[in-house]
Each structure stands twice: as C-alpha cells, then as structure tokens.
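Colleague: I would like a close look at a single part of this model. Here it is.

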Amino acid sequence: MRFVPSGRSLIATFGLVVAIGVAYWVAYATPIFAVQKVDVRGAPPDISRQVTRATRDLVGRSLVAIDATQVEGELRALPAVAGVSVDRAFPDTLVVRVAPERPVAVIRRGRSAWLATGAGKIIREIQTGTERGLPRLWLARGTTVHVGGQVPAGMISATRALAGAHAAGLGGRVKGIRTTGDEMTLVLRSGTEIRLGRPADVGLKLVIARRVLGLVDGGVAYVDVSVPQRPVAG
C-alpha cells in the first residue's frame, strides 16, 4: 500500500502535465516566440540572399511550430547550397548554417556562362568575363543548360579532374583542360602541362604532379603522371 500514490500526489502530477501542455500551446500558438529574424551563416552574399528569400515566409511563425527538417530539405533544393542545418535561437531567431557549393569551372556556351561544381552541377549563371580565376569548359551551341542541372555526361570527367586539382592544392594554378580521345591534360597558367592520361586515379596523379612540380621548381614543359608509379617531367 505504501507504493500507491496519494490523492495529493496525483493532483500535483496532473497539474504539472496540464501546466506543461499549456506552456507548449502558448509557445506554439502565440507570438511570444515568433520568428523576427533569420540569421544566415556561412554563405557568401549572393547565396545568403537566396536563403533569405526562401525563408521569408517563416518570419512571424512560432519557432516551436517550424519543422527544421522540412526547411533544411527545401533549402538543399537551392542549386548553390551543398548542405544546410537549421536551429532555433530563442526567443525570436532562426539560425541557418549553409555550406555552399564550390565551383571549379566556368561553363561557356556562346555568350552565356555558368558556374559548375566538381560533380558537374550547374549552380548559377554569371556574366561572361567574370570569375577569371576558374578554367573554362566550352559547350556546343544548342546544348541545353539549366541551373540546378548537370553538365553533359562527357564533361563530368573534366569537372571531376578540376575538383581533384583543388583538393591537391593546384586549383588556382589551372588555366584549362584539354581532352584528346580518352587522354586528359591540365594546362597550368605557367604553361606547364599535367598529362593525366586516362581519367582514372586522378586524385593520386594530381598529388604526385604537385610534388614533382615542387621538385623541379616549375621549370618544365610537362609533367606526365599517366602512370603514377613512374612520373616523368620534361
């Protein structure tokens, strides 16, 4: 009998449950915790503006009522967003942390230009003549391009190689890329060629090429890493 709760404890427990329910309803259905600001972090200004536009309908809604998972899914649909997390900062701020996509090339078609990632994703259109630090990849006239889509399948190996160059610390030194049949060559701004051969083990080949370039101090016409176990410079 000693373990049977008393009437007083039952009433106290019921009152606590009711109080919690009322507090949640107040937070959910009243403007006490209404969103007054969406704080976008980690994104450059242009992407920050896109995220702000995409979340403007959340202003005025209760922080408690917002489905963070749903908001994250909607923001990941933005072409320039690689990853995102949404957190609540009570009493009135929604914090959105953004990992932007990183472009590795400018895709050109006639007088039009777009930025593309290493995976071949088109993330936004740009003015021609801008983003001069990125190599150019050219499309035939009439090729369909849309933001959020992919470059043609035959160009994916090139964008992946350019992403590999960034990972190997060569990204800013690459001027362009040339393909002949199934052979691929990166052309550096110094004029030196990095001959990759077939587009396999590209990351390893580029790491080796960077080490070779460091040894020869850039004074070579080419570095051939098509057989990564036997690099050749000349």
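Why is strand 4 (residues 103-109) largely enclosed by the rest of the structure?

Modeller: First, the ground rules. This is a predicted model, where local features need pLDDT of at least 70, side-chain atom pairs count only at pLDDT 80 or more, and totals for chains, interfaces and linings use all residues. Residues are numbered from 1 along each chain as its sequence is written, and side-chain values use heavy atoms, leaving out hydrogens and water.

Now the strand. Strand 4 is largely enclosed because 5 of its 7 residues are buried. Buried means under 20% relative accessible area, with a 1.4 Å probe and protein chains only. Strands here are DSSP runs of E, at least two residues long, numbered from the N terminus; helices are runs of H or I, at least four residues.

Strand 4 pairs with strand 5 (residues 112-117), antiparallel, through 6 bridges. Pairing requires that DSSP finds at least two bridges between the strands. Within this pair, Arg 108 faces Ala 113 of strand 5. The two strands make a hairpin, with 2 residues between them. Gly 110 sits in that turn, and its phi is positive, about 60 degrees.

Strand 4 also pairs with strand 7 (residues 136-138). Here the sense is parallel, and the count is 3 bridges. Ile 107 stands opposite Leu 137 of strand 7.

For context, the chain has 5 helices and 12 strands. Of its 234 residues, 39% are buried. Take contact as heavy atoms within 4.5 Å. Among contacts between residues at least 6 apart in sequence, 49% join residues at least 24 apart.

Notes:
Buried < 20%, exposed > 50% of the residue type's maximum accessible area, 1.4 Å probe, protein only.
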